[in-house]
Amino acid sequence: MRYETVIGLEVHVELATKSKIFCACSTAFGAAPNTQICPVCTGMPGGIPQLNKGAVTLSMKAGMLLHCEIAGLCGFDKKNYFYPDLPSAYQRTQWYAPIAKNGHLEIETASGKKRVRIKQIHMEEDAGKLIHDEAAGVSLVDYNRAGVPLVEIVSEPDLSSPEEVAAYLNRLRTLLRFAEVSDCRMEQGSMRCDVNLSVRPVGAEALGVRTEIKNMNSISAILRAIEYESARHAAALEAGKILLQETRRWDEMRGVSVAMRDKQSAADYRYFPDPDVMPLAVDAAWKQEVRESLPELPEQKKTRYVRELGLSDYDAGLLCDSHALCRCFEAALAVCQNAKECANWLLSDVLAILKRRQMIADELTLDGHSLGELILLVLAGKVGRANARKILEEMFEGALDPAAYAAKMGFLISRDTDKIGEVIRAVLAENSRALADYLGGKEKAFAALFGACMKQLRGNCDPQMLREMLLEEIQKP
Amino acid sequence: MRRVMLEDMILTKDMPSAAGSRMLAGYVSPFDATVVEKLRESGFEIAGKLPVGEFGIDLVGETCYVGDSAYAAANVLKTDTVMGVIALDVNGAPRRVAAQKGLVCLKPTYGTVSRYGTVAVASSADTVGVLARSAADCGTLFATIATPDARGTTMQARKPVEGRVQRVASLALATDAAVAAKMDAAKGKMCANGIEICEVEAGVIATARACWNTLLCAELSANLSRFDGIKYGHRSASFATLEQLYTESRSEGLGLLVKSAILYGSDVLYGKNYEKKYQKALRVRRVIAEAFRTLFAKYDAVLLPASSKLQYTETDHPFAENLYTAPASLTGLPAVVAGGVQLIGPAFSEERLLAVATLLEEVRR
């Protein structure tokens, strides 16, 4: 029997606001526990929530990027349950009226394009973080994360393979980073994904029993979990065993999914609208403002780069993968006007430096304007390529003026014929053997002499000029 | 004498706030309520805190587990040492206390006094109110605390209603003879001052109690879940699992009336009841608000009792007695109690209502 897998994804994404969704506490990652809290986000008596409009704007952006209908009212419902990481024993979410719905995301796989339907996007507040100290036998709660704004993006079960899931998640991440909705870093928890999966015989209409898998910390872990779970379902169906509809935890170390212990015997969440948060009117003017603030999307940029700037499809594609790369590229381009040079510098040298520093492209903070100036110096023959790379590396440490720095470091190419002549004569004097070899017919000896001169000049010499002058000097009787 | 006392539902940094519950015995808030800040800014001294019935939902403060709070506000006002008592009107207790003890009580329009720093029970209705010996004192304190506050989204800007009360609708709601006598006396005083009184059928307003109990308990059940023994407040000493930590702490920390309210509120939100009971109550709320709008097109105020009797016994229950206080709680309309009776006015008509209260208030020796 052949089986097919049916997958739907629930992706939680932390919105890139400076403050939490219902209070002014900071959302900065990595602070000491319980230092970014207040009465509102810790459920103390007397706190009253105040909706962060910036979070609503970013949610609308996410909705528009995914071609959704945006709701006319933004309200919140209380989802009631008890757990130590939930300070008020309810989570504010949008059960009855999500901010956006009925959208789609197009993905590209080896088998072509596919449109994945988005059921809805809703806003909610994050819970705190529980840390279990097994040795001491205690659990600790950190409420820094409680109240951080999230959107949950729910897809229809339109995905059918790990490859499609990877394409979906990567595409979603690119879009959301491009519009600065979220930095989508799974390793920092700003993007989390739960998988809903079922298996059925190929061609069957009805969906099989669905299980939900949680706790995958990277896209590759998600793919592994999907492979495992599909196989588990298929094996059960093949053996005629019953599959339970349940939530399972992915155990990355052992490579298996494990049934989660009953958190709560499925108590009803008793959703009802939160009377503390007056629903916000999302009028046409606000929607228009948000629509106009959306950036040029990656595919539009890529088309423009190829058609108007003459970049290769491959190079344009690489650049458009990263919002930060594009930004740097366009700033550099504005200065030096040479698209191919800018692309080359970014895609070979800059990416290489990033890789050495174990940074991702989106962490690039390099000033594009300065990069443009550096490229101009190279194109004008004022700085050699090798030294330009050194300047570039230095630019990663902090802002600097490439021309001034080059002058300071003695990188500016000299056209001082007297100085060059002096160096040539000195080198020839010291390398009589090589000179003799060359005059005797050994072409390679010229390279050695040339190299020695360059070295003396510390690379700051126009190669063409040096070659001509060296030849001339050698020719002299 | 610019001194006030605060009921324990109003949080203070320098004095504990137990809200009448073992759950919060000894709890000290890390911040002051906005009303406390405003009172201090205006030169008022906070003379102390008064115990309340647990989470403010009982009749007159008889269910306090941290001290003795039955009629506490009245007892303190009798001593003439403070101008007034600032209370949180959750289920009408301050109004009943005023009615039964010859005081004046103002429950302002919802959203005109900041709720920031008060213990939330029914977020869509909780209103900071004032108890005093006279309408004038109520007015002074109201003016002090009814100023804008940027925290929270349920504040409304005030547009005081002009003029004086000339026509009053009197709702026919049953009471005992003593309260009926108070109502007659009040009508007499108003007539003597040129106010026209018309007897009006209560109509849909009589359903306010069932509607209110549904919404009050639903909101309460969610607002009180934060008292879970995890972060602050009472935590049981006897638990072995997380679930027991919750159940034991809350069983020990919460009183019977509050528990029954939580259960009732959880039930009206559960499964199909959400539509059948909770959403229906929301619709009835709107219908009752409409009924008041219709009355206020013809009348300047609505007269009704604040309680069914002047003295409660063991058999009286707050979820039955709130028949009289529920209409103003539900609609957020301002209500004033004086001379043992209650007047409800349109939004922002507090000054006009207090002017009538001046006529009705019991003269103090």
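This is a predicted model: local features need pLDDT of at least 70, side-chain atom pairs count only at pLDDT 80 or more; totals for chains, interfaces and linings use all residues.
Me: Which three residues supply more of the area that chain A buries against chain B than any other three?
Reply: The area buried between chain A and chain B is about 2800 Å², and carbon and sulfur atoms give 62% of this area. On the side of chain A, one trio supplies 22% of the area that the chain buries against chain B. These residues are A:Pro45, A:Ile48 and A:Phe82.

Me: Which residues form the salt bridge between chain A and chain B?
Reply: Side chains of opposite charge can pair when their charged atoms come close. The count between chain A and chain B is one salt bridge, alongside 10 residue pairs in polar contact, both residues being at pLDDT 80 or more. In the salt bridge, the closest N and O atoms are 2.7 Å apart, and the partners are B:Arg115 and A:Asp276.

Me: Which helix gives the largest share of the lining of the largest cavity?
Reply: Rolling a probe the size of a water molecule over the atoms shows where empty space is left. The search of the whole structure finds six cavities of 30 Å³ or more, and the largest has a volume of about 150 Å³. Its lining has 18 residues, with B:Glu7, B:Val52, B:Gly53, B:Gly61 and B:Ala93 nearest the centre. The largest share of this lining, three residues, comes from helix 3 of chain B.

Me: How many residues apart in sequence are the parts that A:Arg92 and A:Asp274 tie together?
Reply: Among the 52 salt bridges found over all chains, one joins A:Arg92 and A:Asp274, whose closest N and O atoms are 2.6 Å apart. A:Arg92 lies in strand 5 (residues 90–93) of chain A, whereas A:Asp274 lies in the loop between strand 15 and strand 16 (280–281) of chain A. The pair therefore ties together parts whose separation in sequence is 182 residues.

Definitions and conventions:
Residues are numbered from 1 along each chain as its sequence is written. Chains are lettered from A and ligands numbered from 1 in the order in which they are written. Side-chain values use heavy atoms; hydrogens and water are left out. Buried area is the accessible area (1.4 Å probe) that two parts lose on being put together, summed over both. A salt bridge is a side-chain nitrogen of Lys or Arg within 4 Å of a carboxyl oxygen of Asp or Glu. A polar contact is a pair of N or O atoms within 3.5 Å; within protein, one must be able to donate a hydrogen and the other to accept it, and residues adjacent in sequence count only if both atoms are side-chain atoms. On a 1 Å grid over the protein atoms alone, a cavity is a set of points where a 1.4 Å probe fits but cannot get out, and a pocket is an open set with protein on both sides within 12 Å along at least five of seven lines; lining residues have an atom within 4 Å of a point. Grid points are joined across faces, edges and corners, and a volume is the space filled by probe spheres set on the points. Helices (H or I, at least four residues) and strands (E, at least two) are DSSP runs, numbered from the N terminus.
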